[in-house]
Amino acid sequence: MEKLRKSLTTFLVPLLSILLAFLIGAIIMAGLGANPLTAMYALFKGAFGTSASVGTTLNKAVPLIFTSLCACFAYKCGVYNLGGEGQFLMGATTGFCVVHCLGLTGLPGILAALVTGTIAGGIWGMLPGILKITRGLNEMIISIMLNYVATLFMGVIYTSWIRDANMPQTPSVDDSLKLGRVISDMRFTWALIIALAVGLILYYFLYWTSSGFKLRAVGLNMTASRFNGFPVKRYILISFIVSGAIAGLGGASDLLGTQYRLINGYGSGYGFDGVAIALIGQLHPIATIIVAIFFAALRVGSTSMQVSTGVPTSVSDIIQALVIVFSVAGMALTKLPEFEAFRLRLFSKKGKEEVNA
Amino acid sequence: MEELLRMEHISKQFAGFYANRDICLTVNRGEVLTLLGENGAGKSTLMNILIGLYQPTEGKIFFKGKEERIESPGQAVRLGIGMVHQHFMLVEAMTVFENIILGDKNSGGIFIDRDARRAEIEALAGRYGLDVELDKLITEISVGAQQRVEILKALYHGAELLILDEPSAALTDIEVEGLFAIIQKLTEEGKSIISISHKMREVLRISDRITVLRAGEVVTTVKRNETDAQKLANLMIGHELAGSQYEKKTKSDGQTVLKLNEVKYHEHSKHNGLAGVSIEVKAGEIVGIAGVDGNGQTQLAQVVTGVISPEQGALEIKGEKISVSDPSAFIGRNVSHVPEDRNLQGLIGDMPISDNLILKLTDSAQFSRGKGMFLKKKEIRSYAENLTEKYDIRCTSVEQDVRSLSGGNQQKVILARELESEPELLVAAHPTRGLDIGATRFVHDQMIAARDRGVGILLISADFDEILEMSDRILVMFEGQIMGEFSGENPPVEEISLAMTGR
C-alpha cells in the first residue's frame with residue numbers, strides 16, 4: 001500500500017509534466033498555423049509508425065541511455081556528475097585510437113574498444129571525484145570543465161593526429177568492428193542491448209545489493225552514513241568512477257554502433273541531456289531508460305513532423321525543455337509539506353472507503 | 001536610581017506551551033542585571049521579545065517610563081536597545097568600520113560622510129576603552145575584538161540598554177577580563193546592561209542584581225551582595241529531590257567497556273573541546289554526563305563513537321586500545337550510538353523505516369545472500385515489522401519514509417536499531433530531547449532494561465532531571481573538563497548544580 005502510494009506520485013509527476021508540455025506544445029503549433037493533432041500524429045508516426053522508425057528511435061536513444069544512466073548513478077550517491085559528455089567522448093576517442101593504432105579487427109577489436117573506452121571514461125570520471133574528496137573542490141565545475149578538455153582532445157585527434165586525408169575527421173573504423181543489427185530490418189544495433197544490460201545491472205546493484213543500499217544511503221544523508229560507519233568518501237569516489245565508466249562504455253558502443261568515426265560536433269549535448277533525462281526518470285535506472293527512449297522519439301519524430309506539416313523541429317525542442325522544467329518543478333512540489341499533507345488526506349479518504357466497501 | 005526598563009507580566013505562548021509566563025523585571029540606569037537560568041528556562045525568548053523579534057502574548061514593556069510596543073529589531077535599536085548575540089552578527093567580508101556604520105540612520109543618503117562617521121566612532125571607542133582597528137576585515141580580528149565591534153556598533157547606534165547573550169562564551173580568560181573592564185566602564189557612564197549567563201563566576205563578578213528564571217518563570221530577583229554561588233545554583237536548578245523511579249546500581253563489578261584517559265580534543269576551545277577527560281564505564285551501569293549544553297559533551301560523544309579522533313590521550317574499548325578512530329571500528333566492537341541530532345546523524349530520512357532499522361546489517365547473512373550480493377527483502381520486512389511492534393514505533397507501514405514519523409517514533413527507530421545489535425557500550429546523547437512524556441518514558445525504560453542486560457551506557461544529557469533519574473554515577477562536565485564524580489543514588493543535587501556552573 002505504502003509502496004504503491006509512493007510510486008504513484010513518482011509516476012504521476014513525469015506523466016503530468018509530459019502531458020502539460022505537450023499541451024503547451026500544441027498551443028504553439030496552433031499558433032504557427034498548423035493543426036496540433038495532425039502535427040502530433042506526424043510526430044508519433046515519425047517515431048513509432050513503422051518498424052524502421054522504431055529502430056531509428058531506439059538507435060538514437062542509445063547514447064542518451066548511457067549518459068542518463070551515468071548521471072543517474074552519480075546522483076544516487078549524492079554527487080553531481082555533469083561531465084557525462086566528456087566521459088562519453090573519452091570513451092569513444094580511446095576506443096577508436098586503440099583499435100586504429102593497434103590495427104585490431106573483429107571481435108577482439110570490439111572487446112578492446114569497449115573495455116578501453118570504459119576504462120578511459122572511468123578515469124575521466126575519477127578526476128573530479130578525487131579532487132572532491134581530497135581537496136573539497138566542487139565536482140560540478142570540475143566535471144563541466146573536463147568536458148571541454150575531452151572535446152578539444154578529440155579535436156586534436158581528428159584534425160591532426162589521425163586525420164582522414166584532408167577532412168577534419170578520422171577515417172572510419174574497420175567494417176569488421178561495426179556492431180551489427182540485432183534485427184535486420186531495424187536500425188538499432190547490439191549497442192542498445194549493451195545499454196539495456198547496463199541499466200538492468202544498475203537497477204540490481206542499487207536496489208538489491210548491500211553496496212548499492214549503502215551508496216543510496218550516502219546519497220541521501222552523508223552525515224548519518226558516516227555516523228553509521230559507511231566509508232562515505234570511498235563511495236563517492238566509486239560512484240564517480242562507475243558513472244564515468246558507464247558514459248565511457250556508451251561512447252565506445254556508440255562509436256562502433258552508429259558513428260564509426262570521430263568528427264566535429266560529435267557527442268555535443270549528450271551529457272546535459274543525460275542529466276535532464278535522469279531527473280525526469282526520478283533517478284530510477286529503468287525509468288531513466290524509458291525517458292531516454294521518449295526523448296529520442298521526440299527527436300526522430302520532429303523531422304517527419306517538419307516535413308509533413310511544416311512545424312519546425314524546434315517545437316520538439318521546446319516540448320523537451322518544458323518536460324524538464326515541469327518535472328523538476330513537480331519534484332520540488334512533492335517535497336513541500338503542504339503537498340504531503342494533501343496526499344495523506346487524499347489517501348486516508350480512499351483508505352476509509354476501501355474499508356467501508 | 002532611575003529606572004530605564006520595566007517589563008510587566010510578560011507571557012509568551014507557543015502552540016499552547018508557555019516559553020515565558022508572567023515575567024516582571026526592571027533594569028535601572030547604570031546597572032548590570034543578569035538573567036540566570038538553564039537551557040530552556042526562557043531567557044532567549046524574553047530577550048527576543050525585548051528586541052522585537054517576538055511579540056508577547058500578554059504584558060507590557062516600559063522604556064524610559066513610556067509604554068512601548070516593540071515590533072521590530074529596527075524599532076528596538078531606535079529606542080536605544082542593542083543586543084550582542086552569542087554568535088556575532090557581523091559581515092565577515094567587510095571591515096570593522098563598514099560593519100559599524102551598517103544600517104546607520106545618518107547615512108540615509110547616497111553618500112557616506114566617512115570622515116565624520118570615523119571621528120564619531122573613534123570618540124566612542126576611546127570613551128569606553130573599546131580598542132578596535134577600524135580598517136581590518138572581520139575575518140582578520142580575534143573573537144574578543146569582534147565582540148568589541150558588536151558592542152561599539154550597538155553604542156554607535158545609540159544603545160542605552162545593552163543585552164549581552166553569553167558574553168564570555170567564546171572568549172579566552174584574558175579577553176574575559178577585558179570584557180569585565182568594558183562592562184564596568186559602560187555602567188559608570190550610565191549605560192545599562194542585561195547579561196545572560198549561567199556561569200557562576202562571571203555572574204558574581206559583574207552583576208548588580210540577578211534575576212533567576214526557571215521553566216519560563218521568574219523564580220526571584222536577588223541583589224549581588226545578598227547571595228552566593230550555592231544559593232544561586234539551587235535557585236537556578238530548583239530541584240526538589242523526588243527520588244528516581246528506577247533502582248540505582250551503586251556498585252558495578254562488570255568489565256570496563258569504555259575507558260578514556262586524559263583525552264584531549266581542541267583543548268583550548270572551552271565550548272567545543274575536551275581538555276583532558278578521563279572516564280570509565282563498566283558493563284551494566286549508566287554513567288550520566290551532566291552539564292550545561294556546549295561544554296564539550298558533543299565532542300565527548302563523537303570521540304567515544306569514532307566520529308572524531310582524540311588529539312591526545314588514550315581510548316580503550318573493553319581493554320583494547322583504539323588507535324584509528326573511525327565509526328566502523330567502533331561499530332565492529334559493539335559500540336552503539338544514539339546521536340544527538342537524530343535527523344542529521346542518525347537516520348536516512350528519505351529511506352523507509354525498514355531500511356533504517358537494518359542500516360548496518362545489510363552485509364549479514366540474516367538479510368542478504370552472498371555477503372550483500374542479494375538482499376532478502378522479505379526477511380527485512382518481517383524483521384522491521386517485528387521491531388516496530390516491539391519498540392512501539394507508530395507507523396502505517398514499514399515502507400513509510402522515516403522522515404514522515406514524529407520525533408518520538410524516529411527516536412524509537414534509532415533506539416531499536418542500536419539496541420537490537422546487542423551492544424556492549426551504548427552512547428546516548430540527549431536521547432529524549434524534544435520527546436513527549438510517553439516517548440521519554442519508553443526510551444528510559446528501554447535503556448534501563450539494556451543496562452540490566454549488562455550494557456554499559458554513557459548517557460549525555462543537558463536535561464538535569466534525566467541525568468538524576470537514570471544515572472548510576474554522575475559526572476559533571478564544564479568547559480571540556482570533568483568537574484567531579486557523584487553517586488547516582490541520593491545524588492548531592494546542590495553540589496552537582498554548583499559543579500555545572502563551574503565551581
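**Strands, contacts and a lysine**

Author: In chain B, strand 1 (residues 3-14) pairs with strand 2 (residues 17-28) in the antiparallel sense, over eight bridges. Strands here are DSSP runs (E, at least two residues), helices are H or I runs of at least four, and both are numbered from the N terminus; two strands pair if DSSP finds at least two bridges between them. This is a predicted model, where local features need pLDDT of at least 70 and side-chain atom pairs count only at 80 or more, while totals for chains, interfaces and linings use all residues. Residues are numbered from 1 along each chain as its sequence is written, with chains lettered from A and ligands numbered from 1 in the order in which they are written.

Reader: Which residue stands opposite B:Phe14 in strand 2 of chain B?

Author: That's B:Phe17. Strand 1 of chain B is also joined by five bridges to strand 4 (residues 58-63) of chain B, and these two run antiparallel. There, B:Leu5 stands opposite B:Phe63.

Reader: New topic: how many residues of chain A are in contact with chain B?

Author: 18 residues of chain A, and they touch 27 of chain B. Contact means that C-beta atoms, placed from the backbone, lie within 7 Å.

Reader: And which helix of chain A gives the largest share of that side?

Author: Helix 8 of chain A, with six residues.

Reader: Last one: is B:Lys378 buried or exposed?

Author: Exposed, because B:Lys378 has 8 other C-beta atoms within 10 Å (exposed is 12 or fewer, buried 20 or more, partly exposed in between, with C-beta atoms placed from the backbone). B:Lys378 is in helix 13 (residues 377-390) of chain B.

Definitions and conventions:
Contact = placed C-beta atoms within 7 Å.
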